[in-house]
Amino acid sequence: MKLVRVFSSIGLGLAALLIVSSASAQAAKGPPVMPHDAQGREQCLMCHGGAMEGMKAAPADHKGRTNDSCPLCHAKESVGQSATAAAAIPHDTKGREQCLMCHGGAMEGMKAAPANHKGIDNKNCALCHTVAAKK
Ligand code: HEC
Ligand code: HEC
Ligand code: HEC
Ligand code: HEC
């Protein structure tokens, strides 16, 4: 009996540790806020595409992202700076590429994208919302 208790408290301690370390890993991985104005610098990739010496290049996992998407995560107070995680997509996206047709607020019974999503293009939704893993 005693042994069981010891093991279960070790388990709890480990779980707490895991939660703490994954939370700090996440905080460290959030998008850095760009330290300069975006105005007049809309061609983000001209400087951050890896070709310009002395500039921080966008990480490898950014491949395929377009200039219009960058401020969605890197602008101060952008949606990507939100402390809340973007909900997973509980459905297939094939044949449902027009996200805003259903989530734009006009279709009854569908969760509308929040107000801070104004101006976001359908092609950029999946940058933050990914399809939930199949069970
Ligand atoms: C004319 C060049 C230029 C353009 C265009 C430009 N930046 Fe920058 N950016 C810089 C410089 C210089 C710095 C500061 C030094 C550095 O981190 O490379 C910087 C820093 C950053 C950083 C901080 C990186 C870090 O790890 O601290 C981010 C994020 C960033 N820019 C995003 C953007 C986004 C998003 C755009 C487009 C809206 C953009 N930049 C357009 C030159 C540019
Ligand atoms: C969906 C959110 C998202 C979008 C969109 C996005 N980024 Fe990022 N970016 C991140 C995150 C998260 C990090 C930090 C983690 C990492 O390094 O992978 C990052 C890191 C960076 C850095 C810093 C790299 C370093 O070494 O410090 C630069 C520069 C950058 N992004 C530029 C861009 C540019 C340019 C675009 C548009 C083409 C862009 N980002 C679009 C989320 C995003
Ligand atoms: C034809 C309508 C339709 C289209 C198009 C559509 N969705 Fe959905 N979406 C739904 C419905 C219905 C649900 C609710 C539950 C379900 O399907 O399981 C949902 C749920 C969601 C949720 C979960 C919201 C929550 O809080 O749980 C997200 C996120 C989402 N969709 C994102 C997207 C994205 C991103 C796209 C485009 C790639 C998209 N949807 C395209 C109908 C649609
Ligand atoms: C830069 C990241 C980002 C992009 C791009 C993005 N979202 Fe979101 N989305 C979020 C975050 C974070 C939340 C939750 C927090 C909030 O409301 O700000 C959210 C919330 C939502 C919700 C509400 C879910 C609920 O439970 O109420 C819907 C629906 C949604 N997004 C749909 C979309 C659609 C459709 C697009 C493309 C037009 C899109 N999102 C693009 C980050 C993003």
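The paragraphs below proceed from the whole chain to the ligands and then to a few individual residues.

The structure is a predicted model. The protein has an average pLDDT of 85, and 79% of its residues reach a score of at least 70. One stretch calls for caution: over residues 13-27 the pLDDT stays under 50. For these residues the model has 0 contacts beyond four places in sequence.

The secondary structure can be stated briefly. The protein contains 4 helices and 0 strands, and from the N terminus on its elements follow the order α-α-α-α. Among these elements, helix 2 spans residues 44-48 and helix 3 spans residues 70-74, while helix 4 covers residues 99-103. Of the 135 residues in the protein, buried residues make up 4%. The contacts of the chain may also be described by separation in sequence: among those between residues at least 6 apart, 62% join residues at least 24 apart.

The ligands may now be taken in turn. Which residues come nearest to ligand 1? There are 17 residues around ligand 1, and Met-34, Arg-41, Cys-44, Cys-47 and Cys-70 come nearest. Helix 2 and helix 3 each contribute at least two residues to the shell around ligand 1. The largest share, 4 residues, is supplied by helix 2. By residue class, the shell around ligand 1 consists of 10 nonpolar, 4 polar and 3 charged residues.

Ligand 2 is surrounded by 22 residues, of which the closest are Pro-31, Cys-44, Ala-58, Cys-70 and Cys-73. Helix 2 and helix 3 each provide at least two residues of the shell around ligand 2. Here the largest share, 4 residues, comes from helix 3. The shell around ligand 2 divides into 11 nonpolar, 7 polar and 4 charged residues.

Ligand 3 has 17 residues around it, the closest being Pro-90, Arg-96, Cys-99, Cys-102 and Cys-125. The shell around ligand 3 comprises 9 nonpolar, 5 polar and 3 charged residues.

Attention may then pass to individual residues, beginning with the loop between helix 3 and helix 4. Glu-77 is placed in this loop. Most residues other than glycine have a negative phi. Glu-77, however, has a phi near 60°, a positive value in a residue other than glycine. Is Glu-77 buried or exposed? Glu-77 is exposed, because 9 other C-beta atoms lie within 10 Å, and a residue with 12 or fewer is classed in this way.

His-91 also has its place in the loop between helix 3 and helix 4. His-91 counts as exposed because it has 10 C-beta neighbours inside 10 Å. Between His-91 and Lys-134 there are 43 residues of separation in sequence, and their C-alpha atoms are 9.5 Å apart in space.

Gly-119 belongs to the segment after helix 4. With 8 other C-beta atoms within 10 Å, Gly-119 is therefore exposed. Gly-119 and Leu-72 stand 47 residues apart in sequence, and the distance between them is 9.9 Å from C-alpha to C-alpha.

How values were computed:
Residues numbered from 1 in each chain as written. Chains lettered and ligands numbered in written order. Predicted model: local features only at pLDDT ≥ 70, side-chain atom pairs only at ≥ 80, totals over all residues. Near = placed C-beta within 6 Å. Nonpolar A, V, L, I, M, F, W, Y, C, P; charged D, E, K, R; others polar. pLDDT = per-residue confidence, 0-100. Contact = placed C-beta atoms within 7 Å. Buried ≥ 20, exposed ≤ 12 C-beta atoms within 10 Å, placed from the backbone.
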